[in-house]
Amino acid sequence: MQDTSKQYDAVIDTCKSLFIKKMSDYGSAWRILRLPSLTDQIFIKAQRIRGLQQNEVQKVDEGQESEFIGIINYCVMALIQLDKGVVEQPDMSTNEATKLYEEKVAVTKQLMEDKNHDYGEAWRDMRVSSLTDLILQKLLRVKQIEDNKGKTLVSEGIDANYQDMINYAVFAMIHLNEK
C-alpha cells in the first residue's frame, strides 16, 4: 500500500501542477461552469480515451495520460463547485483554488486507501480499458442523478461518483506509467 500512496501522490502532483499553470493562464474561469457542464467535459475526455483504446489510428497527438489528467482535474473542480456553488464571474485566487484542490484530493485519497484496504488493491489486476469503462459508467450515473435534480433513493451521491472517477483515473495513470 505504501507504493500505492507514493504513486498516487506522484500522479496528483502532475495533475495539480497543470491545474496551477492553467489557473495562471485562465484564472478561475471554470467557476462559472455548472455541474452538468463539468460532467460533460469529463465525459468527452473519457470518450476520447475509449476511442484511443479502440481505434488503430490516432489523429490528435495527445495520448491517454493527458485525458486522464483532465478527468482528475475536472472532477476536483466539480467537487469544489459542489461545495462552493457556481458563480457568475471568476472569484478565486490561485492560492485559494490550490488549497481547495488539495483538500478535495486528501479526502479522495483517504477514500482510496480505505477501499484499497478492503478490496486488496484489486485495481492492480484490472486493465486500463476496464478503468475507462468504469469512469464512463460513473459518468452515466452522475448524468442520471443530475437529471433527477441531485436526488437518489438508495445510491451514493454525485460527490462519491466524482471521487471514484478521480481514483480510477489515478489508477489508470499508475498503470500507464508502469508500462
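What is the volume of the largest pocket? In this predicted model, the largest pocket has a volume of about 370 Å³. The second largest pocket comes to about 290 Å³. The structure holds 0 disulfides.

**Largest pocket**
- The lining of the largest pocket consists of 16 residues, and K22, Y26, W30, Y74 and M77 are the ones nearest its centre.
- Helices α1 (2–26) and α3 (64–84) each contribute at least two residues to this lining.
- The largest share, 6 residues, is supplied by α3.
- By class, the lining of the largest pocket holds 10 nonpolar, 4 polar and 2 charged residues.

**Second largest pocket**
- The second largest pocket is lined by 16 residues, with K115, Y119, W123, Y168 and F171 nearest its centre.
- Two or more lining residues come from each of α4 (94–119), α5 (128–147) and α6 (158–178).
- Helix α4 gives the most to the lining of the second largest pocket, at 5 residues.
- This lining divides into 9 nonpolar, 2 polar and 5 charged residues.

**Cysteines**
- A disulfide requires two cysteine sulfur atoms within 2.5 Å.
- The closest cysteine sulfur to that of C15 belongs to C75 and is 10 Å away, so the pair is too far apart for a bond.
- C75 is accordingly in no disulfide, its nearest cysteine sulfur being that of C15.
- C15 is buried, with a relative accessible area of 0%.
- C75 is also buried, with a relative accessible area of 0%.

Note on methods
Residues are numbered from 1 along each chain as its sequence is written. This is a predicted model: local features need pLDDT of at least 70, side-chain atom pairs count only at pLDDT 80 or more; totals for chains, interfaces and linings use all residues. Side-chain values use heavy atoms; hydrogens and water are left out. Buried means under 20% relative accessible area, exposed over 50%, partly exposed in between (1.4 Å probe, protein chains only). On a 1 Å grid over the protein atoms alone, a cavity is a set of points where a 1.4 Å probe fits but cannot get out, and a pocket is an open set with protein on both sides within 12 Å along at least five of seven lines; lining residues have an atom within 4 Å of a point. Grid points are joined across faces, edges and corners, and a volume is the space filled by probe spheres set on the points. Helices (H or I, at least four residues) and strands (E, at least two) are DSSP runs, numbered from the N terminus. Ala, Val, Leu, Ile, Met, Phe, Trp, Tyr, Cys and Pro count as nonpolar, Asp, Glu, Lys and Arg as charged, and the others, Gly among them, as polar.
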